[in-house]
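Please look over the sequence and the 3D view, then read the points below by topic.

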Protein chains: 2
Amino acid sequence: MADGKQKNRAGRDAVQIADQLHSAAIHLLRRLRVRDRESGIGPAQLSALSVLVFGGARSLGELAEAEQVRPPTMSRIVAGLERAGLVRRHATEDGRRVRLEATAKGTKILQEGRKRRVESLSLAVSALPRKELQQLGEFTALLQHVIRNL
Amino acid sequence: MADGKQKNRAGRDAVQIADQLHSAAIHLLRRLRVRDRESGIGPAQLSALSVLVFGGARSLGELAEAEQVRPPTMSRIVAGLERAGLVRRHATEDGRRVRLEATAKGTKILQEGRKRRVESLSLAVSALPRKELQQLGEFTALLQHVIRNL
DNA sequence: GGAAATTAGTTAGCATAGCTAACTATACTC
DNA sequence: GAGTATAGTTAGCTATGCTAACTAATTTCC
């Protein structure tokens with residue numbers, strides 16, 4: 001039996017791995033959400049702000065696409081960030097589009113928040129032996145590749 | 001400079017890996033959420049139901065703890081599941097506690113939903129070369145280990 | 001040049017999901 | 001039996017997701 005289903009092994013493995021990966025991602029974020037909340041900014045706002053800080057200024061639609069949400073959702077997220085003084089909007093030549101940019105305050109808050117966010121995870125990660133830390137790095141790259149093919 | 005900071009390399013790597021891992025987890029779930037929505041059940045309900053189906057019956061407080069949410073939040077999630085006929089509640093000797101159990105319908109819906117959920121991810125995962133698929137499996141185990149230390 | 005179509009973003013309204021504070025009901029303690 | 005502790009619920013707030021319907025600006029095309 002162990003070899004009898006060899007033909008399907010890769011497929012079954014893929015499903016099993018996908019399932020575990022999915023579950024792991026859920027539990028990972030559930031833990032980190034606790035630290036996220038210390039920043040006083042919601043996770044969606046933090047994530048959108050991070051795109052602007054590390055990826056540079058862009059339009060609302062582009063930001064929505066980057067964050068995989070619909071424009072109305074992003075519109076409200078940006079409104080919250082603006083209200084908090086973390087994002088500024090500029091007019092563009094195209095009168096329909098806006099150019100969204102992180103403010104200095106937004107950049108600062110994000111970097112602090114980001115630091116806090118990965119702090120717990122870093123601790124757990126850096127407890128790994130050197131070799132496994134390196135593996136985790138490779139596998140994170142692999143995961144990013146998988147996500148791009150999603 | 002490349003060797004000058006060697007002492008901090010592991011630490012910096014850990015932060016960088018943690019950050020990328022966090023970001024990857026966010027984007028992974030954001031993609032999979034699309035499939036989740038086909039089930040007509042919200043992600044929190046699906047996840048709570050999955051604990052009952054695969055982990056067995058338990059009280060509301062235990063379920064809240066397993067899901068890392070507060071009791072009022074779980075109370076509402078369970079109310080939704082009950083309304084949809086996916087979960088049943090039984091009295092216990094202790095009149096304060098309830099015993100939550102997945103119904104047959106809940107079990108069925110969950111299994112179907114679970115299948116759909118990992119379907120897209122499985123596809124992306126099984127597109128990997130054999131060697132990298134195996135690496136990803138190891139990675140997931142490593143990730144689960146990291147999460148336990150979180 | 002102007003009408004029609006397209007595109008960018010917003011507003012309105014709904015649902016889920018997270019929280020704290022305050023409540024009810026049951027069980028335990030002394 | 002009175003007081004305390006525990007399990008869940010209710011109420012009310014915020015954030016995030018959606019679709020539908022709207023406004024405003026640009027582009028297309030006759």
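By class, the surface near DNA strand D holds ten nonpolar, eight polar and six charged residues. The model is a predicted one.

**DNA strand D**
- There are 24 residues around DNA strand D, and those that come nearest are Gly42(A), Gly95(A), Gly61(B), Pro72(B) and Ser75(B).
- Two or more residues of this surface come from each of α2 (43-55) and α4 of chain A, and likewise from each of α3 (60-66) and α4 of chain B.
- Among these elements, α4(A) gives the most to the surface near DNA strand D, namely five residues.

**DNA strand C**
- Around DNA strand C there are 23 residues, of which Gly61(A), Pro72(A), Ser75(A), Gly42(B) and Gly95(B) come nearest.
- The residues of the surface near DNA strand C fall into ten nonpolar, eight polar and five charged.

**Hairpin in chain B**
- Strand β1 (residues 87-91) of chain B pairs with strand β2 (residues 98-102) of chain B in the antiparallel sense, over five bridges.
- One of the residues involved is His90(B), whose bridge partner in β2(B) is Arg99(B).
- β1(B) and β2(B) make up a hairpin, with six residues between them.

**Contact between chains A and B**
- Chain A puts 47 residues into the contact and chain B puts in 46 residues.
- On the side of chain A that touches chain B, α1 (6-36), α5 (104-126) and α6 (130-148) of chain A each supply at least two residues.
- The largest share of that side, 20 residues, comes from α1(A).
- By class, the side of chain A that touches chain B has 25 nonpolar, 14 polar and eight charged residues.

**Relation of the two copies**
- Chain A is superposed on chain B by a rotation of 179° with a shift of 0.3 Å along its axis, at an RMSD of 0.4 Å.
- The two copies are therefore related as by a two-fold rotation axis.
- The same surface serves both copies, as 98% of the contact residues of chain A recur in chain B.
- Of the residues of chain A, Ala25(A) comes closest to the rotation axis, with its C-alpha at 2.7 Å.

**Nonpolar cores**
- The largest nonpolar core has 34 residues, and Ala18(A), Ala25(A), Val125(A), Ala18(B), Ala25(B) and Val125(B) have the most contacts inside it.
- Helices α1, α5 and α6 of chain A and α1 (6-36), α5 (104-126) and α6 (130-148) of chain B each give two or more residues to this core.
- Not counting residues up to four places away in sequence, Ala18(A) touches Val118(B), Leu121(B), Ser122(B) and Val125(B).
- A second, separate core of 19 residues includes Met74(A), Leu81(A), Leu86(A) and Val87(A).

**A loop residue in chain A**
- Glu38(A) lies in the loop between α1 and α2 of chain A.
- Glu38(A) counts as exposed because it has 12 C-beta neighbours inside 10 Å, and 12 or fewer is the cut-off for exposed.
- Glu38(A) and Gly113(A) are 75 residues apart in sequence, while their C-alpha atoms are 7.9 Å apart in space.

Technical notes: Residues are numbered from 1 along each chain as its sequence is written. Chains are lettered from A and ligands numbered from 1 in the order in which they are written. This is a predicted model: local features need pLDDT of at least 70, side-chain atom pairs count only at pLDDT 80 or more; totals for chains, interfaces and linings use all residues. A residue is near a molecule or strand if its C-beta atom, placed from the backbone, lies within 6 Å of it. Ala, Val, Leu, Ile, Met, Phe, Trp, Tyr, Cys and Pro count as nonpolar, Asp, Glu, Lys and Arg as charged, and the others, Gly among them, as polar. Two strands pair if DSSP finds at least two bridges between them. Helices (H or I, at least four residues) and strands (E, at least two) are DSSP runs, numbered from the N terminus. Two residues are in contact if their C-beta atoms, placed from the backbone, lie within 7 Å. Copies are superposed by least squares on the C-alpha atoms of residues with pLDDT of at least 70 in both. A nonpolar core is a set of buried Ala, Val, Leu, Ile, Met, Phe, Trp, Tyr and Cys residues joined through C-beta atoms within 7 Å. A residue is buried if 20 or more other C-beta atoms lie within 10 Å of its own, exposed if 12 or fewer, and partly exposed in between; C-beta atoms are placed from the backbone.
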